[in-house]
Each structure stands twice: as C-alpha cells, then as structure tokens.
Amino acid sequence: MLIITNLPQHFLPLFKLSSSLSIFFLYFFYTFLLLVTNPTNNHLVKGHIFIYAGCSQDKYQPNSPFVPSLNSLLSSIVSSSSQSLYNSYAFGNDSSAPQESSIYGLYQCRGDLQLKDCSTCVARAVGQVSIVCPYNFGAILQLDGCYVRYEHADFLGKPDTSLRYDKCSKNQLRGEGEFLRHRDDVLADLMEGGGGVTGFKVSSSGSIEGFAQCLGDLSPEDCSACVSDAVMKLKDMCGDAAGADVFLAQCYARYWASGYYHSSDPSNDDEVGKTVAIIVGVLAGVAVFIVLLSVCRKSIG
C-alpha cells in the first residue's frame, strides 16, 4: 500500500553515507545546480515541478538483499532515460535470488519532451524519490514532466484507476457556454486514446488546450478506459474550472484555458519541489564533504 502525499511531512534526518551513495548524491547535486543556475530554460524547469509522491508502509533494512536490486533499477532508469521516454524493469526475481531481492519498476516522461530533457527530469526524480521514501519497499514520484515508480511486488501491466492527485483552478467559468463546448470537445478527443508506447495525446479547441497520457505498460484498451475514467473524475471534481488536472495510478488528463498556467500564482506543489530540491542539495553537499574527507585521509595515510 502506498501513502500518497503532495506535501512533505517532515525534514528527513541526515544519515551516514557510504562512498558509493556519496557519489550517487554528488551526481544529482550536479544536476540540481544545472537546473537552478539555468533560469532561461523555463520549459525545462516547469517540467520538474513536483506533483505528488507516495511511499509504501513496509520498509527494508540497510543490509537487505533488496538494496542491490534497487540500486540496479535506479541506475538502469537513469541510463535508459537518455534513449527512451519509457521503460520498465524487473530485478532479483529469478528462482535462485532471495525472495526479498525482487523489485519491479518503470519510468516515463511526458510525450512532448526531448530525450535530453527526459533524462534530466528522470535524474532529478530518482534523486528525490531516494530522499522522500528512504528504506521503503515501494515509491512513486510524479513531476510535471516525468514519473518514476518501483515496488517489491509485480505491478506492471495491472490496471489501476485509483485517484492519486487532483487540482482544480480557483477560477470558475460558470455559464460560459462557449468555454464548456470547447472544453468538452477537448476532453472527448482525449478519451479517444493516445498514440505510441507512452499513450500521449494533445488536443485543442478554441482557447482550450489539454493532453492526456497513459503509462507504457497499459494495453490500448486499458489506456482508453483509464483516460475515460480520468476525464469523468475531472468533470465531477472540478466542474467549470478554467484549468484542471486529474492523475490516476496509470494515466492522467489535464486541460486549461490558454494562458491559465502562465498567469496563475505559484502553487504549493512548486514550493514542495523546491523544498525537496534543497534537501537533495544539502545531502549532496554532505556527500561531497565525505568524499573529500576520505580522499584526504587516504593521501595522509
């Protein structure tokens, strides 16, 4: 069972880092600095806005057989994201491996991202999920531009339309028939399904734009059913909102009136993303210090 949250419950205590983990955080600290010091790349920064995260209740011990499998999974995810917008994995599930070592996972980027932007987004997501869900057997993290999930049990390809996150704009356009007509045209078009392995589809009508996306482990039929469910929830929960997002476990649907996302105030979700990024940066700084200290000791010795 995953506990979903879009707000951090507390700051995580600093923990002792091994040399390999130090290098791991050093890499993501470098990615973090690139993002912060490149304000001109606005569309890329927006792609890293924090949406929600979830952690399993069950946890593993630091010396668990699950750890090597998790490290292999996260490394594979980061590596693959520079070559593909989606991939899924299974590690430690052969008959000779310890039962606790099995892990299943996937990542996916928004269908309109270039591979280099996908890779940067996934690297940041992997760095954050390690902080948000330390020692948890299962974790998910949704950023605006990418998604990462892993579980101890096999979840791949199994339909799940449970609600993960929703957001409705404060601006309501009640009684504006033209807006509703264009919005309904967009949502009807999205329900016809997406194309390609990432199930990504964009639509527009008048001043209304929107897109929907399914995870790559869904069949076209399951994808269509998931998006239809997301659209119905979106209408029920957000009414005549000028913009709305609904994220289910394996798909999401979003629409907005032109200019809505650019004119709206920064959300708490963006602030959460900044908070997590700061934590990542602090831990990475600690990691750098430990690495340098280790090098100095070896030199002195």
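**Notebook: cavities and helix packing**

I looked up the largest cavity and found about 140 Å³ of space in it. This is a predicted model, in which local features need pLDDT of at least 70, side-chain atom pairs count only at pLDDT 80 or more, and totals for chains, interfaces and linings use all residues. Residues are numbered from 1 along each chain as its sequence is written, and side-chain values use heavy atoms, without hydrogens and water.

**Cavities.** I count a cavity as a set of points, on a 1 Å grid over the protein atoms alone, where a 1.4 Å probe fits but cannot get out. Points join across faces, edges and corners, and the volume is the space filled by probe spheres set on them. Two cavities reach 30 Å³ or more. I then listed the lining (residues with an atom within 4 Å of a point). The largest cavity has 18 lining residues, with Gln108, Gln142, Tyr147, Leu215 and Tyr252 nearest its centre. Two or more lining residues come from each of strand 4 (103-109), strand 6 (146-151), strand 9 (208-214), strand 10 (243-248) and strand 11 (251-257). Strands (E, at least two residues) and helices (H or I, at least four) are DSSP runs numbered from the N terminus.

**Helices 3 and 4.** I fitted axes to C-alpha atoms over the stretch in contact, with angles from 0 to 180 degrees between N-to-C directions. Helix 3 (residues 66-80) packs on helix 4 (residues 115-132) at about 160°, axes 8 Å apart. The two are therefore roughly antiparallel (over 145 degrees). For the contact (heavy atoms within 4.5 Å), helix 3 supplies Leu74, Ile77 and Val78, and helix 4 supplies Ser119, Val122, Ala123, Val126 and Ser130. I find six nonpolar, two polar and no charged residues there.

**Helices 5 and 6.** Helix 5 (residues 177-190) and helix 6 (residues 220-238) have axes that come within 9 Å and cross at roughly 155°. This pair is therefore roughly antiparallel. Arg183, Asp184, Leu187 and Leu190 of helix 5 meet Val227, Val231, Leu234 and Lys235 of helix 6. That contact has five nonpolar, no polar and three charged residues.

**Val67.** I placed Val67 in helix 3. Beyond its neighbours within four places in sequence, Val67 contacts Tyr60, Gln61 and Pro62.

Note on methods
On a 1 Å grid over the protein atoms alone, a cavity is a set of points where a 1.4 Å probe fits but cannot get out, and a pocket is an open set with protein on both sides within 12 Å along at least five of seven lines; lining residues have an atom within 4 Å of a point. Angles under 35 degrees count as roughly parallel, over 145 as roughly antiparallel, 65 to 115 as roughly perpendicular and the rest as oblique. Ala, Val, Leu, Ile, Met, Phe, Trp, Tyr, Cys and Pro count as nonpolar, Asp, Glu, Lys and Arg as charged, and the others, Gly among them, as polar.
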